[in-house]
Protein chains: 2
Amino acid sequence: MITLRQLRYLAAVAEHGHFGRAAEDCAISQPSLSQQIAELETELGARLLDRSGRKVTLTDMGKAIVPRAQAILSAVADLSKVAAEGEPGLHSLRLGVIPTIAPFLLPAALPAIRRITGDAGFRVHEAMTHTLLDEIRDNTLDVALLALPVSEPGIETLALFEDRFFLAAPAARRMKSLIDTTDLKADELLLLDDGHCLRDQALSLCGDGTGDRREQFGATSLSTLASLVAAGLGQTLVPAMALDSLFARDKRIRIVAFRKPCPARTVGLAFRSTSSNKKAIRQLGEAITASRPRA
Amino acid sequence: MITLRQLRYLAAVAEHGHFGRAAEDCAISQPSLSQQIAELETELGARLLDRSGRKVTLTDMGKAIVPRAQAILSAVADLSKVAAEGEPGLHSLRLGVIPTIAPFLLPAALPAIRRITGDAGFRVHEAMTHTLLDEIRDNTLDVALLALPVSEPGIETLALFEDRFFLAAPAARRMKSLIDTTDLKADELLLLDDGHCLRDQALSLCGDGTGDRREQFGATSLSTLASLVAAGLGQTLVPAMALDSLFARDKRIRIVAFRKPCPARTVGLAFRSTSSNKKAIRQLGEAITASRPRA
DNA sequence: TAAAAATACTCCATAGGTATTTTAT
DNA sequence: ATAAAATACCTATGGAGTATTTTTA
């Protein structure tokens, strides 16, 4: 029979990559931990950890199991918390936002958000999608505002609205007034750094994007991309919400719309599926949607 | 420390409303079960079960805790399953649909759905929202097609599309060509039986619906409502998807649209947040959306 | 050879069992 | 009076400890 204890130990080993360190973290001896892990692996009929290297790593099966284990442990923690404090409201909300949304949505949305949460204990934090999802899983974050879809066991999403993409090109360049996604070539686009979901979205729009892309410097922000485009170094994909503040006012940049169906990203919220303040999260979503510029 | 064992026993007592029966179900003695429940209650610092009546019932705290416990147990079961079978595809899909959607969406969507799942082991089942959610939680159902929002710990949703409401009234009655939701009076509407989410949606549209409603016979289906309206017995709220097959062809029924913003229900999918075949579920959602009549 | 996980074994905390009492209809 | 849960007490499983061996970078 699987026990929570086993899952806790598994999560600890996954975190530390080291049996001894994990055991210390769990305040037990290393053999006890080894025994529980072995028990779990027998129970599941599969090896979860690869002990061959100097650092303990996850097997493929481990990669599938560990996030589920973490989700379960979070759910148990939530259950305890609900018992201790009742169903939580939206006080002390910890919100995470991806960098390609934060500067465009937060300024307008913050007042509305504060009206919901009350001033106390509200904290915003900017990071990329995968980081935010990790933080949601281990309960250092309550909600993340990001681009959907995300698909993680134990993490639930709420779609808010579509944010269309436009092409930003140097004004000097000859362009059609309406372009088609099939006109996009991956090697002609300026892109963000690896890890930014916007980069992946841009690439997936380009015909399969498998063309051997020449080495690109990845920009760290849309505002960098804007100045690159303005300087005539290339064109890039811009989400609608970024147009006003970064691109549309610059005479050196031409904004080109896509022929329908317009490519777009879905902006939404992600949160632990056990987080229980779902009504409050829905409110938060409405506040963000309502305060969105050019709604 | 909370254990899965305790949660299992709690779930069993919640299900049976009886310690002895639950113990039998868990294949242990009644005192052993009592002990674990007591342990859990101490651990959580709250009484979960009310033993005063002839039947054991849940306290308020119990009502909050039990669904979370069930979600955790399902997540553990899923984890085992993933270990045993790998990440499941969308084979053997068990789909649940609410009665106010099934007849209108399924006929068109079924071919596309079967194309995804393959013919084998696909089963559809019609029930009301609360039943479907229970079935999803205890893993007798994989996905439910219903009206959002639903808000349950451990259950995740995917919004598909908006389904607008129209008013269906006897053709003889004088009506404006466009009406406003504020014109709706709860006591003038023919409604479905208690438990149908469409009933609640209709009521919530009427100015707070707290007016003392005269005793209404609740209809068991939209087709019953259609004949009542056709017979001149009253008016009712109809979702757009039901218009074609049930209402629009009947000369005795007048369909009236609402002034913007149109009231609507959101049609979507619900599934366990641990179900892991999320890509497949997304596919399913797309298939349903695409095959929707009047898309 | 040095660091780290597995193995061997011992011990005790606790889940579970039986018998019985208490409680509430 | 009876059904059902709580309590008392005993047993034994399994989780944790220490000491040691095996493994591999």
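## Reading the model

Residues are numbered from 1 along each chain as its sequence is written, while chains are lettered from A and ligands numbered from 1 in the order in which they are written. Because the model is predicted, local features need pLDDT of at least 70 and side-chain atom pairs count only at pLDDT 80 or more, whereas totals for chains, interfaces and linings use all residues.

## Chain A at a glance

Let's start with the overall layout. Chain A has 10 helices and 11 strands; these are DSSP runs numbered from the N terminus, with helices being H or I of at least four residues and strands being E of at least two. The C-alpha atoms of the chain fill a box of roughly 70 × 50 × 30 Å along the principal axes. Of the 295 residues in chain A, 40% are buried. A residue is buried if 20 or more other C-beta atoms lie within 10 Å of its own, exposed if 12 or fewer, and partly exposed in between, with C-beta atoms placed from the backbone.

Contacts tell us how the chain folds back on itself. Two residues are in contact if their C-beta atoms, placed from the backbone, lie within 7 Å. Among the contacts in chain A with a separation of 6 or more, 74% join residues 24 or more positions apart.

## Two domains

Chain A is divided into domain 1 (4-85) and domain 2 (91-295), with bounds that come from an automatic or database domain assignment. Taken over C-alpha atoms, the centres of these two domains of chain A are 34 Å apart. Their contact takes 9 residues from domain 1 and 10 residues from domain 2. On the domain 1 side, the residues divide into 5 nonpolar, 2 polar and 2 charged. Here Ala, Val, Leu, Ile, Met, Phe, Trp, Tyr, Cys and Pro count as nonpolar, Asp, Glu, Lys and Arg as charged, and the others, Gly among them, as polar.

## The nonpolar cores

A nonpolar core is a set of buried Ala, Val, Leu, Ile, Met, Phe, Trp, Tyr and Cys residues joined through C-beta atoms within 7 Å. In the largest one, with 57 residues, A:Ala144 and A:Leu269 touch the most other members. Strand E6 (residues 155-170) of chain A gives the most to this core, with 7 residues. Leaving out residues up to four places away in sequence, the residues that A:Leu269 touches include A:Ala144, A:Leu158 and A:Ile281. A second, separate core of 56 residues includes B:Phe166, B:Leu225, B:Leu246 and B:Ala280.

## Helices that cross

In chain B, helix H1 (residues 4-16) and helix H3 (residues 30-44) pack at an angle of about 110°, with their axes 9 Å apart. Axes are lines fitted to C-alpha atoms, for helices over the stretch in contact, and angles run from 0 to 180 degrees between N-to-C directions. H1(B) and H3(B) are therefore roughly perpendicular to each other; angles under 35 degrees count as roughly parallel, over 145 as roughly antiparallel, 65 to 115 as roughly perpendicular and the rest as oblique. Residues making this contact include B:Tyr9 and B:Leu10 of H1(B), and B:Leu33 and B:Ile37 of H3(B). By class, the contact has 6 nonpolar, 2 polar and 2 charged residues.

Helix H2 (residues 19-26) of chain B also packs with H3(B), at about 100° and with axes 8 Å apart. H2(B) and H3(B) are therefore roughly perpendicular as well. This contact has 5 nonpolar, 4 polar and no charged residues.

## Buried spots in chain B

B:Val66 lies in helix H4 of chain B, and it counts as buried because it has 20 C-beta neighbours inside 10 Å. B:Val66 and B:Leu10 are 56 residues apart in sequence, yet 7.3 Å apart in space, C-alpha to C-alpha.

Helix H9 (residues 240-247) of chain B has 6 of its 8 residues buried, so it is largely enclosed by the rest of the structure. Among the buried residues of H9(B) are B:Met241, B:Leu246 and B:Phe247.

## Where the chains meet

Which helix gives the most to the side of chain B that touches chain A? H4(B) does, with 15 residues. In total, 34 residues of chain B are in contact with 34 residues of chain A. The chain B side has 19 nonpolar, 8 polar and 7 charged residues.
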